[in-house]
Amino acid sequence: MRIFVTGATGFIGSAVVTELLQAGHEVIGLARSNEAIAALEAAGATSHRGDLEDLGSLRAGADAADGVIHTAFVHDFSRLADSGRIDLRAVETLADSGRPLVITSGTALVTPGRTATENDISEPEGAGSHRAPSEHAALARGGVVVRFPPTVHGEGDHGFVPVLIGVARERGVSAYVGDGANRWAAVHRRDAAHLFRLAIESAPAGTVLHGVGEEGIPTREIAEVIGRHLDVPTTSISADEALEHFGWIGRFFGIDVPASSAITQQRLNWTSTHPGLIEDLEAGHYFPKAVPQ
């Protein structure tokens with residue numbers, strides 16, 4: 001297949017491009033800059049200039065392909081509502097091309113406090129509510145939704161876990177909220193990329209998939225590993241202190257968002273084969289050593 005990939009040079013998207021190319025597919029990657037064009041061409045993909053707000057470029061990229069994988073998102077947590085609206089217009093444009101479409105969403109859209117499954121409907125008021133309209137639009141048009149947990153990890157990660165590490169460095173303490181029993185699901189980026197390939201190749205239209213490798217890791221365990229590697233104490237803070245201590249990520253680190261991928265595993269014969277989050281943290285690459293001056 002010839003597959004158009006948005007976010008093709010991002011943390012997940014670049015792994016998707018590699019996965020597709022190694023499986024013999026052709027890849028057209030959306031590129032916003034000369035650096036992105038060079039990275040795509042070095043990987044063996046074709047570049048297509050544009051961005052999420054250039055709907056004409058999105059439609060042209062989709063029209064030139066046999067299928068579309070949408071991984072791009074404007075990750076500006078100061079204006080998530082705007083990011084959601086941008087994403088919705090992009091999803092509608094890509095879906096209206098008539099090409100098979102796989103989009104990215106999140107398991108946090110489902111009601112916290114219970115294990116989310118692929119049969120759950122995304123909640124308009126949940127922690128990931130900015131993605132809910134895109135998910136509904138894609139499914140209504142026969143697209144496939146791949147929900148990922150809060151933590152997609154691996155070398156090069158610049159998501160939630162590195163933010164937590166940065167806060168711990170700055171504050172001199174690795175904190176968790178309350179008793180730290182609330183859970184975060186997780187998946188390795190290479191397992192995520194493999195699921196995207198299976199989805200574009202064989203997932204039925206209108207399907208919801210969960211790219212979850214680990215159903216729920218207590219946040220206290222995450223904080224303890226971070227504290228040990230930074231050689232700082234680990235401690236509890238109250239929910240009322242979370243925003244002041246963590247900043248914007250305090251909205252998320254205290255919620256309980258376990259998720260299952262049992263239906264996805266059965267439907268597509270997909271399973272997680274790469275290191276789990278704690279093992280990945282213990283490997284050390286999240287904690288690079290300072291270069292001597």
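In strand 9, which residue is the bridge partner of Thr-151? The partner is Ala-186.

This is a predicted model, in which local features need pLDDT of at least 70, side-chain atom pairs count only at pLDDT 80 or more, and totals for chains, interfaces and linings use all residues. Residues are numbered from 1 along each chain as its sequence is written, and side-chain values use heavy atoms, with hydrogens and water left out.

Strand 9 spans residues 183-188. Helices (H or I, at least four residues) and strands (E, at least two) are DSSP runs, numbered from the N terminus. Five of the six residues in strand 9 are buried, that is, under 20% relative accessible area with a 1.4 Å probe and protein chains only. Strands count as paired if DSSP finds at least two bridges between them. Strand 9 pairs with strand 7 and with strand 11. In strand 11, Arg-183 has Pro-218 as its bridge partner.

Seven strands form an open sheet with parallel pairing, in the order 3-2-1-4-5-6-10. Strand 3 (46-49) and strand 10 (208-210) are the edges, each pairing on one side only. Neighbouring strands are turned by 25 degrees against each other on average, direction ignored. Within this sheet, strand 5 pairs with strand 6. Ser-105 has Arg-147 in strand 6 as its bridge partner.

| Strand pair | Sense | Bridges |
|---|---|---|
| Strand 7 (residues 151-153) and strand 9 | parallel | three bridges |
| Strand 9 and strand 11 (residues 214-218) | antiparallel | three bridges |
| Strand 5 (residues 101-106) and strand 6 (residues 144-148) | parallel | five bridges |

Helix 4 (residues 80-95) lies across strand 1 (2-6), strand 4 (67-70) and strand 5. The helix runs at about 170 degrees to strand 4. Axes are lines fitted to C-alpha atoms, for helices over the stretch in contact, and angles run from 0 to 180 degrees between N-to-C directions.

**Helix 1 against helix 7**

Two packed helices are described by the angle between their axes and the distance between the axes. Helix 1 (residues 11-22) and helix 7 (residues 189-202) have axes that come within 8 Å and cross at roughly 55 degrees. That makes helix 1 oblique to helix 7. Angles under 35 degrees count as roughly parallel, over 145 as roughly antiparallel, 65 to 115 as roughly perpendicular and the rest as oblique.

Contact means heavy atoms within 4.5 Å. From helix 1, the contacting residues include Phe-11, Val-16 and Leu-20. From helix 7, they include Ala-193, Phe-196 and Ile-200.

Key: Buried < 20%, exposed > 50% of the residue type's maximum accessible area, 1.4 Å probe, protein only.
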